[in-house]
Amino acid sequence: MPNPVRPTAGLHRAVIFLGPPGAGKGTQAKLAAKEHGIPHLSTGDMLRDHVARGTALGKLAKQYMDGGNLVPDDLVLQMVEERISQADCANGFVLDGFPRTLPQAEKLDAILQRKAWGRPLVVHFAVDSAQLLRRLTGRRTCKVGGEIYNIYDSPPKVAGRCDNDGGELIQRADDREEVIAERLAVYEKQTRVLIEYYRAQGILVDVNGMAKPAEVAERVQQILASAVANPVK
Ligand code: AMP
């Protein structure tokens, strides 16, 4: 079947990728953002960057992240508001890993209203917990370019090295088994409620995150193309 819409000039929409840790949000958000030429805003990546640079925010955030807990809402909200105010977000952006609590979602709504973005489009990735564990314990990330591999399901050609640039593949500190359990519990306790919050507003679309990455990408592409074709008023 021909693909009717191959947009390249932005989505003109705030898009949220919602789902538990390991659902594939990061991989899919990178692809979708590239496809539409808009920024991929991962709050986890932004916070890890602050930690690596040793900023005041990074020093505060580290203790929460290391234990698999959420960084306080006000810190994350300020970081996100600053980021989406930058010029490169003018044609839309993909939020990955944000919002994660009801107060974050409510404050994001207020920010989006104030900035005349209107209501976001929410793509929800559903994956069962056994699969999440396999993905998180197997996940390795390139230290240089950030490409994501899985030692079980999508290993690199040479163990420990990125196929693209030969960069070292590292395991995130919070992808160790004892921290993963806490992160999944935090998702259930604090983030899952957002599915109903957005579904009730009629702006959430479900994606079967258990499908192969290429199939998930195709489905996400359809959802986003349809959002471009039917802009919010
Ligand atoms: P992620 O890369 O999305 O799995 O995020 C890694 C860690 O960063 C999380 O376990 C939290 O400690 C922190 N974090 C990322 N996004 C948020 C958020 N929206 N609210 C609070 N903490 C966050």
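Reply: Happy to! Keep in mind that this is a predicted model.

Me: How do E5 and E6 pair, parallel or antiparallel?

Reply: The general idea is that strands of a sheet pair through backbone hydrogen bonds, either parallel or antiparallel. Here, strand E5 (residues 139–142) pairs with E6 in the antiparallel sense, over 3 bridges. You can look for one of the partners yourself: Thr141 has Ile148 in E6 as its bridge partner.

Me: What is the strand order in that sheet?

Reply: The sheet is open, with 3 strands in the order E6-E5-E7. Strand E6 (148–150) and strand E7 (169–170) are at the edges with a single partner strand each, so one side of each has no neighbour in the sheet.

Me: Which strands make up the parallel sheet?

Reply: That open sheet has 5 strands, in the order E2-E3-E1-E4-E8. Its edges are strand E2 (40–42) and strand E8 (204–208); each has a single partner strand, so one side of each lacks a neighbour in the sheet. From one strand to the next, the twist averages 20°. Helix H9 (residues 213–229) lies across E1, E4 and E8, at about 160° to E8.

Me: How should I read two helices packed together?

Reply: Two packed helices are described by the angle between their axes and the distance between the axes. Helix H2 (residues 43–53) and helix H3 (residues 56–66) pack at about 115°, and their axes are 8 Å apart. Among the residues that meet are Leu47 and Val51 in H2, and Leu57 and Ala61 in H3. In this contact, 5 residues are nonpolar, 3 polar and 2 charged.

Me: And what about charged side chains?

Reply: Side chains of opposite charge can pair when their charged atoms come close. The whole structure has 14 salt bridges. One of them joins Asp153 and Arg134, with the closest N and O atoms 2.9 Å apart. This pair links distant parts of the chain, with Asp153 in the loop between E6 and E7 and Arg134 in helix H6.

Me: Is Asp174 buried or exposed?

Reply: Asp174 has a relative accessible area of 12%, so it counts as buried. Asp174 forms a salt bridge with Arg183, where the closest N and O atoms are 3.8 Å apart. Arg183 is buried too, at 8% relative accessibility. Salt bridges with shared partners connect Arg139, Arg172, Asp174, Asp175 and Arg183 in one network.

Note on methods: Residues are numbered from 1 along each chain as its sequence is written. This is a predicted model: local features need pLDDT of at least 70, side-chain atom pairs count only at pLDDT 80 or more; totals for chains, interfaces and linings use all residues. Side-chain values use heavy atoms; hydrogens and water are left out. Two strands pair if DSSP finds at least two bridges between them. Helices (H or I, at least four residues) and strands (E, at least two) are DSSP runs, numbered from the N terminus. Axes are lines fitted to C-alpha atoms, for helices over the stretch in contact, and angles run from 0 to 180 degrees between N-to-C directions. Contact means heavy atoms within 4.5 Å. Ala, Val, Leu, Ile, Met, Phe, Trp, Tyr, Cys and Pro count as nonpolar, Asp, Glu, Lys and Arg as charged, and the others, Gly among them, as polar. A salt bridge is a side-chain nitrogen of Lys or Arg within 4 Å of a carboxyl oxygen of Asp or Glu. Buried means under 20% relative accessible area, exposed over 50%, partly exposed in between (1.4 Å probe, protein chains only).
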